[in-house]
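Biologist: I would like to go through this structure with you, one topic at a time. Could we look at it together?

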Amino acid sequence: MGHEPDFKLHHPDFDELNKRLERRDFLKKTAGGLGALALGTLLSSSISSKTFEQQILEALPTIAPKAKRVLYLFMSGGPSQFETFDYKPMLSSMLGKGLPESVRNGQRLTGMSANQSKLPIAPSFCDFKQYGKSKTWVSDLLPYTAEVVDELCIIKSMYTEQINHDPALTFFQTGHQLPGRPSIGSWLSYGLGTENKNLPAFIVLVSKNASRDQPLYARLWGNGFLPSQHQGVQFRAGNDPVLFLNNPAGYDGKDRKEMLHYLNKLNELQNDVWGDPEVEARMSQYELAFRMQTSVPDVMDTANETEEVFELYGPESRDKGSYASNCILARKLLEKDVRFVQLYHQGWDHHGSLPQGIKQQCKQTDQPTAALIMDLKRRGMLEDTLVIWGGEFGRTVYSQGKLDKDNYGRDHHPRCFTMWMAGAGVKPGITYGATDDFSYNIIKKPVHVHDFQATLLHIMGLNHENLVYKYQGRRFRLTDVSGKVIKEILT
Amino acid sequence: MKKYFLIIGFILFLFAFNVSSKIPDEVAAAYKELPTIIDYNEHVKPILSDKCYACHGPDVTKQKAGLRLDIADSAYAPLKESPGKVAIFPFNLNKSELFHRIISKDPDYMMPMPKSHLILSAKEKAILIKWIENGAVFKPHWAFVAPLKKVIPMVYNLNVINPIDNFVFSKIQQEGLQPSPAASREILLRRVSLDLTGLPPTIEEMDAFLNDKSANAYEKQVDRLLNSPHYGEKMATQWLDLARFADSYGYTVDRTRDMSVYRDWVIHSFNENLSYKNFITDQLAGDLLPAPTKETIIATAFNRNHPQNMEGGIIESEFQTEYVMDRTNTFGEAFLSISVGCARCHDHKYDPVSQENYYQLYSFFNNVKEAGQISWNDDMPTPTLLLPTKEEEKTIAYIKSKIKEKEEQLKEIIKNEDSDFNNWIKEEKYKAIPNNGLPKSFLQGYFSFEDSLKNSVNDSTHAIMRQDWDTKSEQPLFEKNSNGQHLKLNGDVYLDLKNIGIFRKSDPFSIGLWLYIPKEMKEGVIFHKSNAERLYNFKGFNVSMHQDRLEMTMAHTAPSNAITKVALGAIPRNQWIQLTMTYDGSSEAKGLNLFIDGAPLPMETVMDQLYKDIVFFNKEEPALQFGGWYRGLGFKDGKLDDIAIYNRALTQFEIKILAKKSNWNEITKKLSSQLTKEELVILKDYYVSVINPKILAARTALQLERAHFSDASENIKELMVMQEMAKPKKTYLLSRGQYDAPLKEVFPNTPERIFPFPANLPKNRYGLAQWLTDERNPLTARVAVNHLWQNFFGNGIVKTAENFGSQGEMPSHLDLLDWLAIEFRESGWDVKKMNKLMVMSATYQQDSKTSWIAKEKDPENKLLARGPSNRLTAEMIRDNALTACGILNKKIGGKSFYPYQPEGLWEINNTNYIQDTTDEIYRRSLYIVLKRTVPNPTLANFDGPSRASCVVRRQSTNTPLQALVTLNDPTFIEAAKIMGEEMCKQTNIESAIHQVYRKLTGTTPNLKEVALLANLQQSQYRLFKSNPNKINGWLNTGLYKINKTLDPSLVAANTVVASTILNSDATITKR
């Protein structure tokens, strides 16, 4: 497939694609857009033998994209499916009974419960009811999510190959369990560029109010071997939302503009000698940095939100850096057409005292999450925004450690867990896949992490087998060597 | 099915196209542009490799239609699935199936197949066509053929300095270009200073060079720089990327650990100009050399730099495997520039490294006794090398001599007390030995479970039953037996003796118990003194069933700072036995023993190097526990009774008494004259162990001295190093690379198609190092000179410095690469000499300005018709600013430091960043603490790698975040501020600008630049004068305090000027 400069496809399905092509063409020609800047750098220092242009063009959407933006609510630690979405009424009568070997079937356990002499079944302490037109079962810990359940496409048959946090998180975010590969957001930035030239294409928010039971690592939003302009940029609560964004205290934007004006002139004088296009590229980066200095504080400022919005997102929404506040912020970033926003909320790793822990997690996240869905919907943004909720794996049906009716723990369980998607590209109000009575094995329509990634890219208009980057002699992709699009959940 | 379609496709093809296919117009057009000679390696192989090998390459399992295009025999052979056809028929296009397939548009017939997403361009098709027409000659891949000494080409009408120029300039001339004139002295000095030391020249150095009229002025500078101690720092910076050196473990919590001793060894080795051969041999096999030294063992930390995991739930063997793979992959990338890691799961798709080759290579790095999960209490993962300071060395030596002395004294006293013993016998005092069962002397605890968990020796102590780490008590399960009661265990709930059984490695002790081991039990702990099975990477001691054998470990940190012994025979099951463990406080395996039913248990010692203490030295010291442990397998369905703990090593006779195999009655009822020889020995043992106060005192003194030794050793620094196991670990080919899927056993060997492993070499890492540096090895020297080359020229002669395989780029100057490689080897692998050769070349000294002709013809500067020009590296950008403002702390080596860093960054993995507050913060950037999961933003934004894996070539990108760093990072504001203050000392602003400009850029500003900056200074001065609040940030950033007597507005205005120069191209780019 060759993309000529005037390449166009004349079918209404491809209007969006054509718009993109025009934009890309524009970016290539102007000094201001990220495309051109990246081009400038990469032409001289590309890791691959291909130019950036070639690589971008090869990766161009060949599928009409359904979503423009992604919001990924990452519930780090592995939320239990038993206390959220995967209703298993049969377990209520099995408190303390050993997990039948026919169910476990010799599958490996983590080093934490592999040595238990018994694997006692822990029924969920939660009540489940059916909600919405879709009559979807939801736990009583998620009353707000229950209200928007008709918007969700719940996948109960997710599975992964990783059994511990670090490899599992890295696998979810990069398609490979070992460090070094680009994250989903970086791939999207690389494949689709940015829609907002004043903000990074990939922004990360981390809740400050989560219990930090399991750590996070910057590589989860790292660019791996992709050029570093595709890295996720963490926006932090507080005075310096992006590292080194603030000018020296007292020196304001106008002052900085003046100084940069001189810097530009100095660079021009210096470059009279060298005639190096790289200098122009760097000057544009300074301009972009300057624009970020204005636009980031602006977008971070939630003061102008109405009373009603804070009500909607719940009591913690005024507390900057909290999950609820980050949800408002995420919506604002999406409004600015940031390509990929990822929220991390830690604290779902409930090896012990699960009931107490998960109540707290749900209290912090349920209302803001549901509010986001409603807010995006009423602003007409759910039509072209894909929202994702989920963790890196699920939890075991049996208790890790001691078991009481109201107090137990659950170990990591990679063999099945629940995630949901909502908004652009996915069918609302459906449940996909199913697990056995113990939520231990998948009995219907398994979805591998690579399938999920392939589906996500598909919704963004990218073929996961085409979005490749050649590094160390090999073509790498987000989905490694597998992955298939889950067509049945697509609109 | 697929085959079926292929055949149909083929038949259709026969009808549709007859035999001769028409060459498409665009291919014909591209054909006309091709060079006259099509070279297999340069033109053809890259296409075959990239577009065809995935299905028709070296990976045996993926070969489609039985066709391989990487070897001529297969490519020319009849096609199995297309009878009568061959893929390539030399000199004959129409008979070559490959030709028809690559120009076909039929999706069922064309190659590459559409579903591969691989496309051949018109030019690539043309190349393949022309190659077939010219005879389709296959040649071996250039990188796997040993370099041959090439004739140095002649160059006409150009000044050459050394043979590098002959190779480069002759090629430039062939292409119709001209080399550039030499760069200005200012530019050249800055270039060579940054390239050789990572630091810019000072004004004094610049002036000295500018004023030096001698013919060898430049060479003098080169020699000065090569002899600077900062040369080693610069060279080390690249090497540390390759060696994935970091200050943290790299997974999850990612705690820091100190490997700086290795880093300093690297710096020192470069400064001392250790030959590259020894440099890499030490790192690979410094512990296996005929005469290893402390330094060569330190070097082996190279293979322990990889990330390690402490996550609670990980599976031990999974991560052990991962670490060995990291070493194997790093070996391939660092020394061979071959991505051997690709062969972990399957044969390499492009290069001659089979999956078996991979595991053979892997087996060299597998023989180290290490843990998969590292300790939660920050003990250095073993094996380690102790690195005492001079002071500590003295103390240790002194205490060792004292221990020796006390041991002698003890022997002496025992001998001297012979007469006393004889009297004791004569007076028949042995008759007073209590003979009612259990030995009582030095009994610390005794638990008989008759009615409770109480300690019958001391009523105030009481054991409890626990599960996990709960402090809550569980109910004990007692069972009746003929002698009363015993304790039954379920594997999860365990007996915790609370404060009983806490021993140091200097304490002699004994533990006796009755136990019933069920037949089914193959894994599980019987008793231990520790916090958990693995999480503390085992510290303390334990007796367990492991792989169906009884095993005993006493450890500071398992597995290599420990004593481990394994029973040789089977242990009686489903019956009550009596087990006693005794330990003499010697820290040696022979002093740690087990007895079953009173008889010594024959055991094999698998580890005997315990060199630090076995307790935690904290308040919550765990006590002796029975039957289970946190997150480990317990004594499921086991039974326990009559546990006795002693503060001494029991004598063999007493052990028999414990086992009810004997008692004192026989002896104590005898008259002294009736005692047999054996009985006298038994009594002597007992007398020495319990009776004689002088002996007891001497033994206590020895114990105390041993405790001193432990105290003095505890805080001695340790470095992770390599240590070969006495018995090599078995290595298996792992199916799909999975730790738990071993297929067949493999043995140490190297990929034979690179260079076969000579039979006379030892099959260990030392042999591997010799294989690597053998002159017949085609890769090592080439790879090394290519690394050096890219330091100076930005790109290597092979641009893909990490990949010399089929998928890598061809060398831009193969003959030069080979000449350099041989030169390097024949010079004795002399790194400084090679560096000098490169920077002395006229090629290197060229001006880097780009003429438009050169830019058109060679945008990437592959031909080197101009000098190198690159953005400063992350480290250089910071070091340049610190040097320019004069605040750089030039201390070499030592622990990494904590510079300015925005608050809270480390919080995402629950760790605290504590910034340094002394002039440590002004040290060179290669010493900045490198936490793998949260990289320092100043360095990371300028492409400093996270050091999670081997990197031989950094990215060089350009992002807005970089602009924010040099504009607003306190490091750079502070540097500008110091320069701003300095500028106030100059009489006029022009000379002040002149000076700062030179310091930051190494060049003299022109009049326009000075005027522009003077303007800026005036406008900023007016701004600050009228808005004093705008000054604050500029003058209060960083630890440095400026002179209060100066006009703050003036300092701030100057600071803005310095910051502007610092952000300009002349600073950021090395021209």
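Modeller: Let us begin with Asn542(B), which has 8% relative accessibility and therefore counts as buried. Please keep in mind that this is a predicted model.

Biologist: Where is Asn542(B) found?

Modeller: Asn542(B) belongs to strand β9 of chain B, which covers residues 540-546.

Biologist: Which side chain does Asn542(B) make a polar contact with?

Modeller: The partner is the side chain of Ser544(B), at 2.8 Å. Beyond its neighbours within four places in sequence, Asn542(B) is in contact with several residues, including Phe527(B), His528(B), Glu551(B) and Trp629(B).

Biologist: Is Lys135(A) buried or exposed?

Modeller: Lys135(A) counts as exposed, because its relative accessibility is 54%.

Biologist: Where are cis peptide bonds found in chain B?

Modeller: One joins Ala558(B) and Pro559(B), with omega about 0 degrees. Pro559(B) lies in the loop between β10 (549-557) and β11 (561-567). Another runs from Met111(B) to Pro112(B), with omega near -10 degrees, and Pro112(B) is in the loop between α6 (97-103) and α7 (122-133).

Biologist: Let us turn to the helices. How many residues of α25(B) are buried?

Modeller: The count is 14 of the 14 residues, so α25(B) is largely enclosed by the rest of the structure. This helix covers residues 780-793 and reaches 20 Å from its first C-alpha to its last, close to the 20 Å expected. Just after α25(B), Gly794(B) takes a positive phi of about 85 degrees.

Biologist: And how many residues of α30 (residues 874-884) of chain B are buried?

Modeller: In α30(B), 11 of its 11 residues are buried. Among them are the charged residues Glu875(B), Arg878(B) and Asp879(B).

Biologist: Now the interface. What area is buried between chain B and chain A?

Modeller: About 8,100 Å² is buried between the two chains, and carbon and sulfur atoms give 55% of that area. Arg631(B), Ile908(B) and Asn958(B) supply 9% of the area that chain B buries against chain A, more than any other three residues. The contact involves 109 residues from chain B and 95 residues from chain A.

Biologist: How many salt bridges are there across the interface?

Modeller: There are eight salt bridges between chain B and chain A. Asp252(A) forms one with Lys1030(B), where the closest N and O atoms are 3.0 Å apart. The number of residue pairs in polar contact between the chains is 41.

Biologist: Which helix of chain B gives the most to the side that touches chain A?

Modeller: That is α35 (residues 1007-1026), with 10 residues. The side of chain B that touches chain A divides into 37 nonpolar, 38 polar and 34 charged residues.

Biologist: Finally, how many helices and strands has chain A?

Modeller: Chain A has 13 helices and 17 strands. Of its 491 residues, 66% count as buried.

Methods:
Residues numbered from 1 in each chain as written. Chains lettered and ligands numbered in written order. Predicted model: local features only at pLDDT ≥ 70, side-chain atom pairs only at ≥ 80, totals over all residues. Heavy atoms only, no water. Helix = DSSP H or I, 4+ residues; strand = E, 2+ residues; numbered from the N terminus. Expected span 1.5 Å × (residues − 1). Buried < 20%, exposed > 50% of the residue type's maximum accessible area, 1.4 Å probe, protein only. Contact = heavy atoms within 4.5 Å. Buried area = accessible area lost by both parts, 1.4 Å probe. Salt bridge = Lys/Arg side-chain N within 4 Å of Asp/Glu carboxyl O. Polar contact = N/O pair within 3.5 Å; in protein donor to acceptor, adjacent residues only side chain to side chain.
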